[in-house]
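Please look at the sequence and the structure shown here, and keep both in view while reading.

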There are 2 protein chains.
Amino acid sequence: MNWSAVRRLIFGSPLMTEQLEHQRLPKILALPIFASDALSSTAYATQAILFNILVAGTHTLHLTVPISLAIVVLLWIVVISYTQTVHAYPQGGGTYIVSRENLGINWGLLAAAAILTDYVLTVAVSITSGVQQITSFFTNLAPYQTELALAAIWFLTLANLRGARESGLLFAIPTYFFVIVLLTTVAVGVFGPLVGYHPKQYQPPPGEQIAPMIHAVSLGLILRAFASGCAAMTGIEAVADGVQAFRSPESRNAAQTLVLMGAILSTIFLGISYIVQHYGIIYLGHGGGHGGDAHAESVISMVARVVFHDNPIFRAVILFATAIILVLAANTAYADFPRLSSILARHGYMPRQLSNLGDRLVFSNGIILLAVFTSILVVLFGASVDRLIPLYAVGVFTAFTLSQSGMVRFWLKQKAPGWQWKVLINGVGAAATGVVLLVIIIEKGPHGAWLVVVVIPIIMWMFTQVKRHYEKVRARLTLIGYHPEQIPPHTVLVLISGVHRGVIPALEYAREIAKDCRAVHIEINPTETQRLKDLWEQWGGDLPLVIIESPYRSLIGPVVEYVKQAQAEHVRHLITVVVPEFVVTHWWERALHYNAAFMIKLALGNIRGVVVTNVRYWLD
Amino acid sequence: MNWSAVRRLIFGSPLMTEQLEHQRLPKILALPIFASDALSSTAYATQAILFNILVAGTHTLHLTVPISLAIVVLLWIVVISYTQTVHAYPQGGGTYIVSRENLGINWGLLAAAAILTDYVLTVAVSITSGVQQITSFFTNLAPYQTELALAAIWFLTLANLRGARESGLLFAIPTYFFVIVLLTTVAVGVFGPLVGYHPKQYQPPPGEQIAPMIHAVSLGLILRAFASGCAAMTGIEAVADGVQAFRSPESRNAAQTLVLMGAILSTIFLGISYIVQHYGIIYLGHGGGHGGDAHAESVISMVARVVFHDNPIFRAVILFATAIILVLAANTAYADFPRLSSILARHGYMPRQLSNLGDRLVFSNGIILLAVFTSILVVLFGASVDRLIPLYAVGVFTAFTLSQSGMVRFWLKQKAPGWQWKVLINGVGAAATGVVLLVIIIEKGPHGAWLVVVVIPIIMWMFTQVKRHYEKVRARLTLIGYHPEQIPPHTVLVLISGVHRGVIPALEYAREIAKDCRAVHIEINPTETQRLKDLWEQWGGDLPLVIIESPYRSLIGPVVEYVKQAQAEHVRHLITVVVPEFVVTHWWERALHYNAAFMIKLALGNIRGVVVTNVRYWLD
């Protein structure tokens, strides 16, 4: 089995470090990678609003467009805010960097923790929503939503382990296809009547009659729907994190991409909300209807039915375009989670293995970590997008608020020309997202968001523990104040079970590395000791042979005891224990020999000043 | 977590080798250990006869006692035959020793393979029959028969890992209790009518009417029933295997125990068969009736119903006494399987780990091996005693035949006084058991015995492969013809990731063990190389520093390459690779460091003339 050939087939050939520069992306390829998260939010944002307001009855449906408009206003505040960030941080700001540099390290860690959880939720929500689109068409696949979601996650993981540029090429076409399909659908739904094409009114399926649950429309209800609809804004910050992936001029290209993305996103989101409200689409999610969780038809699917009069081909095209862009949205997190982890690792807040570029120039360990966390979340929540959405916005809006606050401090410190205007823009952004964050925590906390509120401080605590460990290590390892000591006395003990050719290399090695060498035999079967002594006379040369009784027939105990005893012979006495080891020809032959070397190594591993060495003897 | 304390609690304190002698048993304790297998056969022997003859219809029931009588005659032939073995082999004969010494090594290995499979089946059949007794009383436990059987197997395993003497004390009382209970039951059933107590006739439960399947009674049918009933004889050989466990005079005590055992066994077996035939008990096993496999009531349970007029207390006592002795029967195999394995291991036919006495003076590895095989068998056969019985007698009768044939050769060679008489006795034994073996293979082969017929040669083949390996090793390891060579040139390479206190012990160690030392650094991040060189100027002393580029950021590949290059510098060039390793304070801190030492060891493990050594640095 040639592992490196298998590896190359799956992950591609290794890439040289010099090839890193070439992985930067033109705008046309950067847009699908960085905008897919934001654009794909249209797949579940309107649905999340409906899921919340319709519990009061169908008369609340007319709130859909107003709530959506409020969200779009907030969205543009944030987009404009972020264009300033992109210009201020051409090396790739990202919330962590901006918060850390302007607000201080602890706010930076809060931002990092928030945004890492957000990335995990991005993958979880996008993938489960993508699966919902698929099962809306192939209704008989509904029972397998968890399996489908896991398969999608691990497919993405493999694709990302292969590297970023190929991802760009692979994912560009479906993103543009989605934009064209959804803009067309919205245009037909909204403007069709002007040219005489009339979409049909929505008819709930025969089994799915909603109970006439007429409640008064409360402020809380509207805020909850608004908070859930804010899922539409997730992903906007991705561009700011990844400025460095753009071709130069990085900032300009990134800012243009950001604005273009905001425009497309607003259009599709508002268009869908308009169609939903105008044609009376009802979404109750996993809680209502007849089929429960697995059989909830997605809002996108119902929009397609309404606009194209139940035509299955149009519906299939729309649903698959949506499903694919949702998978690509998850891919945004695959670009950014490992990138942020590597920055945190370089700063000492995460294990330093995360800072390594793999042999395909991607942060392989971070990619795998993301896949594992997401898989756990998907399984825990039964791959239900309606149950995952309440968790989603906490991390994002924490990051928005910190990032914009940081920018306010940035301009205040810099006082560059026109700084007042810049402070105002980012200040409005910070205030607006901060207020929305509070609304989200209060209104969605009881519906699952509490989990994120608990997890973020735990992650922050882990950051500080890791940092403390590395600092301790650094302090221990410094050579400042180090004075070389005298070379200590050295004794080599060769453990022998008998006198035969297998121990000769070990004895030779011992003679090679020290003057004081001793052969040590643990006597398990006393009847064989005399034979051993006779053979030693003949072959042992000048090396002393130490025989140790083992009344309980244990090998390890007496070895440990003798090593400790030998150590006590001198101050700073260095002991090397040489264990001869057979190398057998076939794997099954291993089972026919005591494999004592490993056990001895384990037992002596806690004794300082002892080195354990295996000297191997090949049997073939 | 103090593993040795847990270990002591479960397995008991270690015992000294000198304590081995004390583990020998007086007859009163030896009987339960060695006779329980044979005695417990009464639980399933009559049942096995019924299971076979009743397929032809209830008119065959009158064949039960005649077939049982034939089996008892065979049983006494074998018992008398074995008393001769016990005297001829006071050191503990056993079939393997007798066959090997008198018939040659290959017949010995056949005997060993046969008897090892027999031990596994003894445990499987006894435990599943024991479970059947329990589920005959607690019928609602029937669906859990496999789980109950596995629990019993692993309980026994633990008890045996603790050691033989405690087993003796633990198991004596239930064995004698079983003998008393069953002899009483048989006495009441057989002689009750003489004093005016009349057991009731058997009535099948309402649901369980047997179809009137009247076939003619064929010779094949009778032979099949006879072959199955021979399961009654399993376990007789146990005493001969374990003569050494008796107090001296070993042979005399063993022979007396053997005869006493034969007498009790014959009485109970014939008594049960008489009651079955006289009161019309019907057993169809898992194949017939309404409930299938799990709900077959055992013959012992029906005998208890008949004799004591359905009294539940009497039935409970009889069933539990039977169940417990069946568990003890399995225990016979726990004494003998590891013992035989250790002999075979000492002869080089099984892995030598099996020859070791554990710290409780039992052959721990053999005990665990038996438990594993048995568990597999029980799961494969769904813990059904009726499906396991056809496999059972092949191994036993192969062993009987070989053992008695061996004894014939033994007397022919020895020609001790009265040898003609002894040859006749063992000759009759060999001939009778040989014929029965053929009957068993022909009649039971198609019903599962083929599996044993296939497995035994496979085991023999494994014996020879293991032996061949050890002989090859011995030939390689001999010092005859060995001439010491010149001590080869030695170079030490210390792999360093940086210059800090953690690598100092490794550099010191390298200087200690060789004159030609080099520090080797794999350059993963070229920007840090200059800093490393500067630090090396200051702290590296006279040791040369080798810097190796790694364009693909891999650590292992360049190390392997450089080691091979260094080896080529001299003929027989010995290379030691020293890998500095951190020892962290808490286990979770391990995840924060590259643990490269293990990977490097693995990669260099295939290169001859290379020794890999970790030198540890404690961070606390």
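## Helix packing and chain contact

In chain A, Tyr119(A), Val120(A), Val123(A), Ala124(A), Ile127(A) and Thr128(A) of helix 6 of chain A meet Leu370(A), Phe373(A), Thr374(A), Leu377(A) and Val378(A) of helix 14 of chain A. Here two residues are in contact if their C-beta atoms, placed from the backbone, lie within 7 Å, while helices (H or I, at least four residues) and strands (E, at least two) are DSSP runs, numbered from the N terminus. By class, this contact of helix 6 of chain A with helix 14 of chain A has nine nonpolar, two polar and no charged residues, where Ala, Val, Leu, Ile, Met, Phe, Trp, Tyr, Cys and Pro count as nonpolar, Asp, Glu, Lys and Arg as charged, and the others, Gly among them, as polar.

This is a predicted model, in which local features need pLDDT of at least 70 and side-chain atom pairs count only at pLDDT 80 or more, whereas totals for chains, interfaces and linings use all residues. Residues are numbered from 1 along each chain as its sequence is written, and chains are lettered from A and ligands numbered from 1 in the order in which they are written.

Two packed helices are described by the angle between their axes and the distance between the axes. The axes are lines fitted to C-alpha atoms, for helices over the stretch in contact, and angles run from 0 to 180 degrees between N-to-C directions.

| Helix pair | Angle | Axis distance |
|---|---|---|
| Helix 6 (105-137) and helix 14 (364-380) of chain A | roughly 55° | within 9 Å |
| Helix 6 (105-137) and helix 14 (364-380) of chain B | roughly 55° | within 9 Å |
| Helix 4 (64-88) and helix 11 (250-278) of chain B | about 175° | 10 Å |

Angles under 35 degrees count as roughly parallel, over 145 as roughly antiparallel, 65 to 115 as roughly perpendicular and the rest as oblique. Helix 6 and helix 14 of chain A are therefore oblique to each other, whereas helix 4 and helix 11 of chain B are roughly antiparallel. The contact of helix 4 with helix 11 of chain B has 15 nonpolar, nine polar and no charged residues.

In chain A, the domain assignment, which is automatic or comes from a database, gives domain 1 (23-470) and domain 2 (490-618). The centres of domain 1 and domain 2 of chain A, taken over C-alpha atoms, are separated by 62 Å.

How many residues does each chain bring to the contact between chain A and chain B? Chain A gives 46 residues and chain B gives 46 residues. On the side of chain A that touches chain B, helix 17 (449-477), helix 18 (504-513) and strand 5 (610-618) of chain A each give two or more residues, and helix 17 of chain A gives the most, with six. By class, that side of chain A has 26 nonpolar, 10 polar and 10 charged residues.

A rotation of 179° with 0.0 Å of shift along its axis superposes chain A on chain B, with an RMSD of 0.3 Å, and that is the relation of a two-fold axis. The copies are superposed by least squares on the C-alpha atoms of residues with pLDDT of at least 70 in both. Of the residues of chain A, Ile513(A) comes closest to the rotation axis, at 2.2 Å (C-alpha).
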